[in-house]
Amino acid sequence: MSLLFLLPQPSTRLSPATVASTRSALGLKPSASIAPPRSTPKPLTISISPPATDSANAAPQKKVLLPIGFGTEEMEAAILIHVLRRAGAHVTVASVEPQLQIEAAGGTKLVADTSISECSDQIFDLIALPGGMPGSARLRDCDVLRKITCKQAEERRLYGAICAAPAVTLLPWGLLKRKKTTCHPAFFGDLPTFWAVKSNIQVSGELTTSRGPATTYQFALSLVQQLFGDSVAKELAESLLMRTADDNRVKKEFNEVEWTVGNHPPKILIPIAHGSEEIEAVTLIDILRRAKANVKVASVEKTLEISASQGTKIVADVLISDAQESAHDMIILPGGIAGAQKLSKSRILKKLLKEQSSAGRIYGAVCSSPAILHKQGLLKDKKATAHPSVLDKLKEEAIKDADVVIDGKLITSEGLATVTAFSLAIVSKLFGAGRARSVAEGLVFEFPRKKSM
């Protein structure tokens, strides 16, 4: 499993406050100090459907079942769906609730393809359980899903779980017997002691387990490796900008200034369009809301609903025309080639970005979207980075050896798998390193202790 060292190494320890906050969602006895609750933002609605295929003579697609319920962790669900579909799998998202639409752990609303009851007679090559609380408990309490997953294990087909799901969902079902297992550190003590393993990924026969949102790319890549082989997994890892241990890029900051927004939660606007990169948008939204920023998602299309790069449908909070009614402390552009092209054509967004720069407020972009800022002259005399495919367009502004680049009140990133570090860099600038480290612990992400240059 040579690909499992990819991405920055997640943290192996959580603070007592983080452990208590996570365990309290399950109704377990909390510690004396409880981390502050996550914000309750205006809901973001996401409808996920498999992308259409037109290859009549292609080999049968690998079929994957991904169940979701109230309180499912949205980063884990979105990354798993995106990566597995990108690898070529046919992913069915099934709701374990009476309705298809569910509200995820951070307030994001997901709409499943179908009800879990419609999947009971199907055969899947893989069943992958996202975590989150109370999402893992909702999966555990679904009898139809239990029967499907137990049959999957009995017939020795692949199944996996991440975050709280190994301990909260699979353990009560008896599916961890004689299996080495890992999970989120807050639930690690609930695993059978002899079989518990402190690792990012643990593969034990047909079962694969992982630890949390920040290890989801590794988890998804391991599943791709088992479904499609090493060459597909390696190629996919490279396209997702997943770094090896020998390619440990850092954050670079130029013209350092303090980011201040006044005595209120930072107001952050994230515009989206058809073709926007969903894993970038969802990661940004989830992490910034964990930090208690006031995040507003605005569609630049004529409708609130957009279809993202891998077929995920996202319903924004407002249209971009409504977002121009108030000032924003920060504007961040997610990437995606088609999405960036759509964003660049929005006259209202162009106006907002120009005003943001003129007023000395914060703005940023990831993946292919820094090219939008360059085209508008908003990178003049500033350093920036972007996805390798568009980095040359930035010319003299380009920084090629950093995942995240900050120059004054501008922040940019290469995108895709680097967006977790990008989001935490924003949290650190807005709220301080302490808040960023706390959020990183919940994600199981090792927040850098030394200041990068």
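Biologist: What makes R290 count as buried?

Modeller: In this predicted model, R290 has a relative accessibility of 16%, and because buried means under 20% relative accessible area, R290 counts as buried.

Biologist: Why is the contact between R290 and E73 called a salt bridge?

Modeller: The closest N and O atoms of R290 and E73 are 2.8 Å apart, and since the rule asks for a side-chain nitrogen of Lys or Arg within 4 Å of a carboxyl oxygen of Asp or Glu, the pair is a salt bridge. By this rule the count comes to 16 salt bridges.

Biologist: What makes the pair of R290 and E73 a tie between separate parts of the chain?

Modeller: R290 lies in helix 8, residues 278-290, whereas E73 lies in the loop between strand 2 (63-68) and helix 2 (74-87), so the pair ties together parts that are 217 residues apart in sequence. E73 is buried, and so is R290.

Biologist: How do you know that R290 forms a salt bridge with D286, and how are the two placed in helix 8?

Modeller: Their closest N and O atoms are 3.5 Å apart, which is within 4 Å, and therefore R290 and D286 form a salt bridge by the rule. Being four residues apart in helix 8, R290 and D286 are separated by about one helical turn. D286 has a relative accessibility of 2%, so D286 counts as buried. E73, D286 and R290 are linked in a network of salt bridges.

Biologist: Why is strand 2 described as largely enclosed by the rest of the structure?

Modeller: Five of the six residues of strand 2 are buried, so strand 2 is largely enclosed by the rest of the structure.

Biologist: How do you know that strand 2 pairs with strand 3 and with strand 7?

Modeller: Pairing needs at least two bridges. Six bridges join strand 2 to strand 3, residues 90-95, and these strands run parallel; here V64 has V91 as its bridge partner in strand 3. From strand 2 the chain crosses through helix 2 to strand 3, and this β-α-β crossover is right-handed. Strand 2 also pairs in the parallel sense with strand 7, residues 126-129, over two bridges, and the bridge partner of L65 in strand 7 is I127.

Biologist: What makes C119 and C163 count as buried?

Modeller: The relative accessible area of C119 is 0% and the relative accessibility of C163 is 8%, and because buried means under 20%, C119 is buried and C163 counts as buried.

Note on methods: Residues are numbered from 1 along each chain as its sequence is written. This is a predicted model: local features need pLDDT of at least 70, side-chain atom pairs count only at pLDDT 80 or more; totals for chains, interfaces and linings use all residues. Side-chain values use heavy atoms; hydrogens and water are left out. Buried means under 20% relative accessible area, exposed over 50%, partly exposed in between (1.4 Å probe, protein chains only). A crossover is right-handed if, with the strands pointing away from the viewer, the path from the first strand over the helix to the second runs clockwise.
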